[in-house]
Each structure stands twice: as structure tokens, then as C-alpha cells.
Amino acid sequence: MTELDPLIVTIGMFGTMFLMLMMGAPLAWSLLTVGLGFAYTLWGAGSIELLTLSSFAALDNFLLVALPMFIFMGLMLERSGITDDLFEMMNKLMGQTPGGLGVGTVIVCALIAAMAGVSGAATVSLGVIALPAMLKRGYDKKLATGTIMAGGALGFLIPPSLLMILYAFLAKESVGKLFAAGLIPGLMLAGIYILYILIRSRITPSLAPALSEEHQVDWRGKVASLKALILPGALIATVLFCIITGITAPSEASAIGAAGSILCAAIYRTLNLKMLKEVLISTTKLMGMLIWITIAAIFFSKVYIGLDAGFILEELIEDNDVAPIYVIMIMLACYFVLGMFLDDFAIVFITVPLFVPIVESLGFDTIWFAILFIVSMQSAYLTPPFGYNLFYMRSVAPPEVTIYDLYKAAVPFILLQMLGLALLLIFPGIALWLPELLYG
């Protein structure tokens, strides 16, 4: 095999991949085509054997069993009617306060994040349920949509998170540690959003007015509304307790969550054969996409590293004597830019095999870096022009809410996410305190 310059390999492989993506090719086929093309050109027929071996290696991990189970759990809970009851509960508890409905929406988003593990579930669900309610009560459309989009992105950070499971799989990290590390930052970001909404509604009450007196309920009604929290709260607490304390592996805990979600739907009397079939088909489709991306991305990484190009970043850092913290900031800037054009699954598969070894060699805690990465992915889902939550929201928003309104709505919440990211950079203990307490 002819020795190739690592820079040429990097430009060739990544440039071709991005070109195919811009032409509309699916991510999995872009990664697989580029990886196989470079491998076959340089190694001939042996590249087919490498593809076969890497495919088996990619899927020979019991951790992957947790993915379809958590996807199933989230979809089942989303369609069971729990979201409607949770929002109605928050409406009764917080509605009498200016901005209270927005605060309640963030809290419900955090709860849905803990049930579903993905961003789109909370954004679409509350876009259908909460957005009309807020607009009807006189909320500013940019504040209302921005609140739902930012709250929906909490699904990346608050466990159980599918992105955390994929990160743990690629970086060979403990899922339990990642879940523990994401809990406090997730609650911190939710708290930052809540504080922002309360401050803005206090300064300008017309942006988020309180409910009129006839729509408010007394303390008995508020206490009665809390029953909506019992089922989802018990299920979330059980799953997280099992994983974080080590009573079960993530795979077994995900099975408990899947079974619990069926029980919740049965109690809500929304479980039927049609619903179960739809959830199973949706789970299969999403899991099929993830498996193809997993195979293609791992093969792409093996080819890239096999061509000795994986060390180009380390060499650039050493040659230019860049301070370690600036290296982390450059990586986060890369995530911010990539997030404008690619989804979270693409970014995690492309960058984690390259960045994590560098973070480790620089002496940083890789669990801490994982949380920085996941917070960056929240920003990616709000960042124009292709932030996914922007389009999720547009698909359910009324006609008077334009895509440009959504772009403007996202800006203050992106800045709040940057604030959260800065706090995590300056105070790593925010992410590391709980895993160190639980795991030593």
C-alpha cells in the first residue's frame, strides 16, 4: 500500500462525505461509500473482509439492546396520553404566575426527556399541546416556541438519553456514569431557562401573562392534579435507580422501562393492538436507521485510522503547542458548526472516535467531555439553518408562526445554552460530582 499524507486522506474522505451529504445522500450510504471506496482503492479485495469484520464487531455489543427498548418506551409513553395530563397538571400548578405556563412547559419537557430520551418527542408533543394553549393565553409567539424548542432539547442531557448510550458505546464509557453526569447539568439548564422566562415575564408581563381568575384552581385542585406525576415519575425513577446504582445493566433496565410503558398505557386505557403495532413499526424503522449508521460509521473510522490519518489532530496540536483547554474549546466550536448542517447521530459517529483519544491524552476527564459534547448537541438542534427542532416546531406550529420567527426565537436560548456550556467548562464538578459520589 502506498503511504498517503494524512492531510490528503482527511480532506479526501471528509470532503467526499460532505459533498455526498450536500447532494442529498443518506448519512449511512455516504459513510459506507467513501470508506469502501478508499479501502478498495488502497487495499483491494481485502477491504470487503474488513467491512464484514467491522460490521460484526460493531454489533457484537450487548449495550445496543438498550436502544430499541428505550425507543419503544419513549414512543409508548408519548402515545399513551401521559403528556396531556402532565401539561394540564402544570397549567393548574403554575398558571396563576406570569410566565408560569412557560415554566411549566420547561418542567414537562424535562419529564418527557426522562421518558423518551430524544429531543423530537417533547418538541412535537408540546408543540401540539402547549403552543396553542400559550398563544391562546396571550404569550409572545417567539417566547412560546423558543421555550418548547429549548425544553425539547433537554432530551439529550436528562437520562435516559439515546445519545448518551451511543456515546458510551463508541467511547467505551459507563452508561451509568454518563447518566449520573448528565442529571445535574440537565436540571441546571432547565433552571436557567425557567429563570430567563420568569425574569422576562416580570420585566414585560405582556409577553407571558398569568391565567385569568376564572381559569385558576384552588389548592385542592392543585393537589389533585399531582396524580398525573405518579405513573411517569415512578417509571422514570425505577429505570434511573436501576442503572445509576448498578442493580441492573442498562439493557435490563431498558426492558423494565419498556414493560412499564406498556403497563402505563394500559392503566391510561390507551393500549390497543393498533397503537402497539404503530409503536413497534416506528421503533423498528428508527433502530434500522441507527444500525446502518453504526456499521457505516465504524467502518469509515477504521479505514481512516488504518490509513494513519487518525493522528493528524494530535500532531497539529503538538506542532502548534496549543494549550489543552483551547483544544477543548476548538472541538466544541467544531460541534457548533457541524450542528448547523448535520444531526446528532452523524456528529457522534464521526467525531467521537477521533476526539475522545485526544481528550484522554490531554489528561481531561472523558465523562466531563461527554457532557460538554451533549450540551453542544442541544445547541445544534436550535442552530439555523438546519436545526432539527426548528423544523419539528414548524411542522406543528400554526401558519402565523414563520420559520423566521423560529430562528429569532432560538437565539436567546442558544445564548443560554452557551452560558450553561461555559459553566461546565469553568466548573467541571457540576457534571462530575454525582458520578464521583456514586462510583468513587
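Helix H19 (residues 388-396) packs against helix H20 (residues 403-426) at an angle of about 135°, and their axes lie 10 Å apart; helices here are DSSP runs of H or I with at least four residues, and strands are runs of E with at least two, numbered from the N terminus. The axes are lines fitted to C-alpha atoms, for helices over the stretch in contact, and the angles run from 0 to 180 degrees between N-to-C directions. H19 and H20 are therefore oblique to each other, since angles under 35 degrees count as roughly parallel, over 145 as roughly antiparallel, 65 to 115 as roughly perpendicular and the rest as oblique. From H19, Leu 390, Phe 391, Met 393 and Arg 394 meet Ile 403, Leu 406, Tyr 407 and Ala 410 of H20, where contact means heavy atoms within 4.5 Å. By class, this contact has seven nonpolar, no polar and one charged residues, with Ala, Val, Leu, Ile, Met, Phe, Trp, Tyr, Cys and Pro counted as nonpolar, Asp, Glu, Lys and Arg as charged, and the others, Gly among them, as polar.

The model is predicted, so local features need pLDDT of at least 70 and side-chain atom pairs count only at pLDDT 80 or more, while totals for chains, interfaces and linings use all residues. Residues are numbered from 1 along each chain as its sequence is written, and side-chain values use heavy atoms, with hydrogens and water left out.

The protein has 21 helices and zero strands, and 52% of its 440 residues count as buried, that is, under 20% relative accessible area, with exposed meaning over 50% and partly exposed in between (1.4 Å probe, protein chains only). The largest nonpolar core holds 151 residues, of which Leu 154, Tyr 167 and Phe 373 touch the most other members; such a core is a set of buried Ala, Val, Leu, Ile, Met, Phe, Trp, Tyr and Cys residues joined through side-chain atoms within 4.5 Å. Helix H10 (residues 175-203) gives the most to this core, with 13 residues.

H10 also packs with helix H12 (residues 230-244), their axes coming within 8 Å and crossing at roughly 125°. Gly 176, Phe 179 and Ala 180 of H10 make this contact with Leu 240, Ile 243 and Ile 244 of H12.

Leu 290, placed in helix H14 (residues 273-306), is buried, with a relative accessible area of 1%. Leaving aside neighbours within four places in sequence, Leu 290 is in contact with Ile 71, Leu 166 and Phe 345.
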